[in-house]
Amino acid sequence: MNTLSAQSLSVKQNLTSPFMSWVFNEEGKTEIMSCAVPGNVHRDLVLNKKIPDPLIGTNETAVQWVGEKNWEYTLNDFVCEPNILLQDKIELRLNGIDTYAKIFLNDIFLGETNNAFVQFDFNVKGIILPKGNKLRIIFSPAEAYAKQKLTERLLPLPGDSIRAVCRKPQYHFGWDWGPKLVTCGITKNIEIVGHTDMLFETFGVETLSLNEGKAQMRAHIHYRADKEEKVAVAFNFGGQIFKEEFVSRKGEHDFILPFELNEPKLWWPNEAGTPFMYLVQCTLQTASGKTNTRVMKAGVRTIELVNQPDEFGESFFFKVNGKSIFMKGANYIPLRMLPGVYSESEYRTLLEKCRGAHFNMLRVWGGGIYESDLFYSLCDEMGILIWQDFMFACSMYPGDAKFLESVQKEAEQNVRRISYHPCMAIWCGNNENAEAWSNWGWKTGLSASSVSAIDSEYNQLFNQLLPGIVGHFSNLPYWPSSPQFGRGNKESMDVGDSHYWGLWHDEQPFSVLETKVPRFMSEFGMQSFPSEDVLKLMSPLAPFDLNSEGIKLHQKNARGFGLMKQYTELWYPEASKLPTQEYAKLTQEMQAEGMCRAIEVQRSSPRCGGTLYWQLNDVWPSFSWSSIDVLGIEKAFHKKLKESYAPQLLTYKIENDSLFIVWVDDQYSNSYYVNISGEIKQLQKKRARGIGFDQITIPVNGKISISEGISLRELKGKYERMLSLEAVYRNISIQRKFIIRP
Ligand code: BMA
């Protein structure tokens, strides 16, 4: 096959490169301003000095009007490349439009967009000219759309109905860690795509099984064809060559090509092995001699979610390449508050901090966005598995035909785009919708028929449509809702994943987490202050005055300050009376100590398959549950995770007045011994009374090893104890100190 001389199946032109001079204006107003596309209207208004930075001080309040206006974005006088004009089909491809917009090319109305998570294609053959083209995109406000939509709905919509009817990032409407900025904009690239006969859209591979030095694989070739024609596929998978032929079908289809790899090098999550990636090249050639080639990286790995009845209830853990792996990570919210295209270094900086703290999983939370290809590629490279929610959170959602049709498109496109990354571990229907519907009192006052109609809307979306699409395009597990059962339900500790908000929202002490260990902790968290530099962004003139308007505006959890004080002062009495900078540090110490202890308990328990704390990052200067603040500064919690998430963990548990030393080894493969010595002291006023204990040897013959109990009767009482431990194994020594609180 001579790809050089052959004609290409398709050609593309980018209309959003930095060299394209987009302009924008408020619809109906004459002032035309320059803008940065892709991006969002808030950033463009800041660049033009029309509004202050919405993330600073009290500016959030001052910029609310932006979300209520119509905004018009225009690209004037652009050429269309000649080789595109030669093609039979020419389309305008909008990869991301947030959200409600009317599209005009050369003053001809092409259509509307209504889903920020969908790529829209409009036929422009016969409309696009060789030069002098004008593309106009007119945005209308999302909230006005929502209000209108809700008047048409016959059923109630429990939860946050305004945002729920908008297929737009849900956190733009405000969250308990972020502002309300109902922005709009061109958030991804716009292209002109020309093609004749066939368009080779995407190519992905997945691993079906591994056995005896072979991997059973499946390639997905996603195409659109205008005619039936013989197509030759050739692909090179790291040096192993596969060839096949098929006949294209008219319309949009996937050709699925099973193949077998010999002696594959496997992809492993961080610290379980190397996340090895193959270079793969795939070429299509039609009978008429047109070709297209795609080059990508792919990994070979199997993934399995194991839900099996066991002595505790039903298991919830992941196996990668047949090996069970404890998941260590966090919940990820979007990288930034405002949408746009973010650079590799911005993503990399955050993900390196995850890898640096021994993460092997992130949950992309359902109130945010489906991330960029770049994000998933970096996770592939770093061995960070992804728990991917569909973008639905904490509400009930409509079930009318139009809504479902839009969600179907959204799910098909994103499942195809994301699933073939080896980092992908699971698709999950939504965040807390099921828990909210059954536990948050949303059924009160509704008629039995409304409840059953809303039930059936829920089932249609999360138990039929979404699992159907995941199952059709991939072999990844699907989980309808995180968590499976709400807190308070007995099953929530024994079956499924769990969001344990007894800590924080229900005001329970950290000590409950000594025994409340679910099968998989997919959320739990504790707020703390961010760095001083972030406080200065919240309230530039009075960063340490907790009563300043700026500071108060950046705490979005109504009970946030009170609860932080309550938890901090339990361990550091009167901490809140200290100067703010000192108090801030103590909130971080409290978060670090409490959260890390709970994580160590979860890692020590045979019940638990993983832990993802709430939340990794911030979208703005925030008082929140994050371990890294909006400036990328690690809180004490994130620093301490480096110890608590380390592959080899030395920790303890206390049961019936006995101390047990616990040794956890995530990388366990062969039996060995670990020698531990230590001392425990009662810290009582100036007098410290302690017992030392001589070396004990724990035979390590599994991931979790526990010593014989050491009796602690002498140390009973209401005093704090300091436990110092040293473990020596394979010539490595680990030393740790713990404060054990009464
Ligand atoms: C979790 C998340 C978010 C929220 C957090 C803290 O359940 O799903 O909805 O920000 O609680 O309240």
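In the predicted model, the residues surrounding the ligand (a heavy atom within 4 Å) are Trp-175, Asp-176, Trp-177, Trp-365, Cys-394, Asn-431, Glu-432, Trp-501, His-505, Glu-523, Trp-614 and Trp-625.

Residues are numbered from 1 along each chain as its sequence is written. As the model is predicted, local features need pLDDT of at least 70 and side-chain atom pairs pLDDT 80 or more, while totals for chains, interfaces and linings use all residues; side-chain values use heavy atoms, without hydrogens and water.

An open sheet contains 4 strands in the order 1-14-5-9, with antiparallel pairing (strands are DSSP E runs of at least two residues, numbered from the N terminus; a pair needs at least two DSSP bridges). Strand 1 (10-14) and strand 9 (120-123) form the edges, and the twist from one strand to the next averages 25 degrees. Strand 1 is joined to strand 14 (residues 190-195) by 5 bridges, and Ser-10 has His-195 as its bridge partner.

Helix 13 (residues 560-571) and helix 14 (residues 580-604) pack at about 75 degrees, with axes 9 Å apart (helices are DSSP H or I runs of at least four residues; axes are lines fitted to C-alpha atoms over the stretch in contact, with angles from 0 to 180 degrees between N-to-C directions). The two helices are therefore roughly perpendicular (65 to 115 degrees).

Definitions and conventions. Parallel < 35°, antiparallel > 145°, perpendicular 65-115°, else oblique.
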